[in-house]
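Here is a short report on a ligand shell, a helix and a set of paired strands. Look over the sequence and the model before reading on.

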Amino acid sequence: MTAPRRFAGDTLVIASHNRGKVREIADLLAAHVRHFPSAAELDLPEPEETEATFVGNAALKARAAALASGLPALADDSGLWVDALDGAPGIYSARWAGPAKDFAAAMERVRRELEAAADRRGDRARFVCALALAWPDGHVEAVEGTAHGTLSFPPRGGKGFGYDPIFIPDGHACTYAELDPAQKHAISHRADAFRQLLARCFA
Ligand SMILES: O=c1nc[nH]c2c1ncn2[C@H]1C[C@H](O)[C@@H](COP(=O)(O)OP(=O)(O)OP(=O)(O)O)O1
Ligand SMILES: [Mg+2]
């Protein structure tokens, strides 16, 4: 096995068009990288997510941004994995919200499908976050983080983004959307993935 490649520069493109994610990634990177322009700021195209896994899609997005910008790029592919739905919406989490990014509708669809599933698996779910760091020569380092919890309806809380208002992380009584950013960073799937990436590529 070859050693992981280290990130050495001072500029890292955040290869995401999701403002909520870009905000969280910037928080988590701030102590480690000086400049982190986002794909939207650099006007980079948003590639189609054609892979079948979180890691595959993160690598695809990171590589596209690194090639287009000539700079190392970090992509995040993430989503909500519902046990009773065999992992849906999973890699389709953004697509369930449609082009209008209607997460109220997406959360309602989760509630409806969970009710229709009505087996004994209950309301267990997890958030998954794959992070991929790519260089302009095509090299990629990838990790995957997880946070386990339960789903709760109706949605609660106004912080965060996406499916945060229906996810109660294990050990807490409130949803992700009721936590301050620092509290979410202490336990989130994205923070878990960052711990792994930092140990692997920034140590
Ligand atoms: O911490 C989170 N809290 C709530 N919801 C979350 C979270 N993390 C991912 N999610 C959901 C919403 C997001 O839209 C989808 C990821 O889909 P995903 O394709 O990785 O991101 P995206 O299309 O929104 O932006 P982009 O691909 O440009 O990074 O999963
Ligand atoms: Mg996406």
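## Ligand shell

Ala, Val, Leu, Ile, Met, Phe, Trp, Tyr, Cys and Pro count here as nonpolar, Asp, Glu, Lys and Arg as charged, and the others, Gly among them, as polar. By these classes, the shell around ligand 1 has six nonpolar, eight polar and eight charged residues. The model is predicted.

The shell holds 22 residues, and Ser16, Asn18, Ser93, Ala94 and Gly162 come nearest to ligand 1. Strand S2 (73–82) and helix H3 (93–96) each supply at least two shell residues. S2 gives the largest share, five residues.

## Helix H2

Helix H2 covers residues 54–69. Just after H2, glycine 70 has a positive phi of about 75°.

Which residues of H2 are buried? They are Phe54, Asn57, Ala58, Ala59, Leu60, Lys61, Ala62, Arg63, Ala64, Ala65 and Ala66. Their cover includes strand S1 (13–14), S2, strand S3 (124–134) and strand S4 (140–151).

## Strand pairing

S3 and S4 run antiparallel, joined by eleven bridges. Alanine 134 sits opposite valine 140 of S4.

Notes
Residues are numbered from 1 along each chain as its sequence is written. Chains are lettered from A and ligands numbered from 1 in the order in which they are written. This is a predicted model: local features need pLDDT of at least 70, side-chain atom pairs count only at pLDDT 80 or more; totals for chains, interfaces and linings use all residues. A residue is near a molecule or strand if its C-beta atom, placed from the backbone, lies within 6 Å of it. Helices (H or I, at least four residues) and strands (E, at least two) are DSSP runs, numbered from the N terminus. The expected span of a helix is 1.5 Å times one less than its number of residues. A residue is buried if 20 or more other C-beta atoms lie within 10 Å of its own, exposed if 12 or fewer, and partly exposed in between; C-beta atoms are placed from the backbone. Two residues are in contact if their C-beta atoms, placed from the backbone, lie within 7 Å. Two strands pair if DSSP finds at least two bridges between them.
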